[in-house]
Amino acid sequence: MNSSQLLGITTLAYLLSSAFYIALFVFKNRKLGTIGLAITVIGWFCQTAGLGLRWYESYQMGIGHAPLTNMYESLVFFAWCVVPFYIYMELKFKTSVIGTFAMPFAFVAMAYASFAKGINQEISPLIPALQSNWLIAHVVTCFIGYGAFAVAGGLGMMYLLKKSAIRRSLSADSLTGSLPDLKVIDDMTHKTIVFGFLWLSAGIITGAVWANEAWGTYWSWDPKETWSLITWFIYASTLHARFTRGWSGSRIAWLSILGFIAVFFTYFGVNFWLSGLHSYGAG
């Protein structure tokens with residue numbers, strides 16, 4: 001078995017786990033959530049083995065680099081980051097329904113990496129700018145943050161759905177009846193944003209050090225750098241508003257969604273629509 005087959009199994013596993021979590025949300029049967037979690041864990045171990053095997057395969061080809069260097073590998077790694085954070089949230093808060101709003105992110109990332117046109121799945125030699133020991137530190141820190149922000153965006157949508165149901169006086173038997181209390185969702189969203197913000201900050205710092213090594217300057221206002229800074233300010237403003245103004249509830253939920261849109265554009269939009277020093281990430 002090779003890495004592509006393992007990552008294909010992972011995509012199928014995340015599709016199934018997403019389906020079970022959505023079924024849990026609709027039918028409110030806890031067994032569906034248990035099955036969804038089991039499939040998620042199996043899928044993540046397959047994905048971990050697939051990433052490790054791809055890394056090993058690159059050495060067998062005489063290239064030898066971590067599988068973090070193009071759009072395909074970064075999408076796979078993004079999904080890999082989303083899943084363990086989601087599992088931790090489910091186990092800590094004992095709320096399986098979070099999977100309805102988190103696991104589809106992992107599945108869509110894997111499916112897009114596998115089936116989208118223009119995504120190069122081959123293991124390729126590193127371009128000069130990527131030949132640095134800072135590669136792993138920068139990509140890992142950024143994508144752990146991205147994974148947390150994906151979950152935070154899902155929690156923000158969950159909060160707004162729950163609040164809308166309460167406003168319309170829907171009964172506990174309605175579709176949103178299985179969602180946690182608003183206070184619990186708000187607390188989860190806040191803690192998730194704090195976690196992601198710390199990792200994104202580390203990612204920007206490691207990226208600046210790497211840029212100085214590769215291009216001789218810590219900051220060059222490249223589109224990716226600019227949008228990373230915009231994303232950082234959105235989350236910094238969110239945390240500042242919560243700590244100093246006491247913002248919570250819908251405001252934080254909307255900001256968590258806005259922040260993830262900024263993450264999405266920084267990751268995809270910049271690569272595909274704006275040329276710059278990070279253009280190698282589009283292939």
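H65 sits in the loop that joins α2 (30-60) to α3 (71-93). Helices here are DSSP runs of H or I with at least four residues, numbered from the N terminus. The model is predicted, so local features need pLDDT of at least 70 and side-chain atom pairs count only at pLDDT 80 or more, while totals for chains, interfaces and linings use all residues. Residues are numbered from 1 along each chain as its sequence is written, and side-chain values use heavy atoms, with hydrogens and water left out.

Is H65 buried or exposed? H65 is buried, because its relative accessible area is 4%. Buried means under 20% relative accessible area, exposed means over 50%, and partly exposed is in between, using a 1.4 Å probe and protein chains only. The side chain of H65 reaches the backbone oxygen of S124 at 2.8 Å. That is a polar contact: a pair of N or O atoms within 3.5 Å, where within protein one must be able to donate a hydrogen and the other to accept it, and residues adjacent in sequence count only if both atoms are side-chain atoms. Beyond its neighbours within four places in sequence, H65 is in contact (heavy atoms within 4.5 Å) with W55, S58, Y59, E73, I123, S124 and L126.

Now turn to α2 itself. At its start, a side-chain oxygen of N29 comes to within 2.9 Å of the backbone nitrogen of K31. After α2 comes G62, with a positive phi near 85°.

G50 lies within α2. It counts as buried because its relative accessibility is 0%. G50 touches S3, L6 and L7, leaving out residues up to four places away in sequence. G50 and S4 are 46 residues apart in sequence, yet their C-alpha atoms are 7.1 Å apart in space.

Next come the pockets. A pocket is found on a 1 Å grid over the protein atoms alone; it is an open set of points where a 1.4 Å probe fits, with protein on both sides within 12 Å along at least five of seven lines, and lining residues have an atom within 4 Å of a point. The largest pocket holds about 280 Å³ of space. Its lining has 15 residues, and R30, K94, T95, S96 and S178 lie nearest its centre. α2 gives the most to this lining, with three residues. By class, the lining of the largest pocket has five nonpolar, six polar and four charged residues.

The second largest pocket holds about 230 Å³. Of its 13 lining residues, F78, V108, A109, F264 and F268 are closest to its centre. α3, α4 (98-115) and α8 (250-273) each supply at least two residues of this lining. What classes line the second largest pocket? There are 13 nonpolar residues, no polar and no charged.

Two loop residues remain. S169 lies between α5 (134-167) and α6 (182-215). Its phi is positive, near 55°, in a residue other than glycine. S169 counts as exposed because its relative accessibility is 62%. W221 lies in the loop between α6 and α7 (223-245). W221 is not a glycine either, but has a positive phi of about 55°. At 55% relative accessibility, W221 counts as exposed.

How values were computed: Points joined across faces, edges and corners; volume = space filled by probe spheres on them. Nonpolar A, V, L, I, M, F, W, Y, C, P; charged D, E, K, R; others polar.
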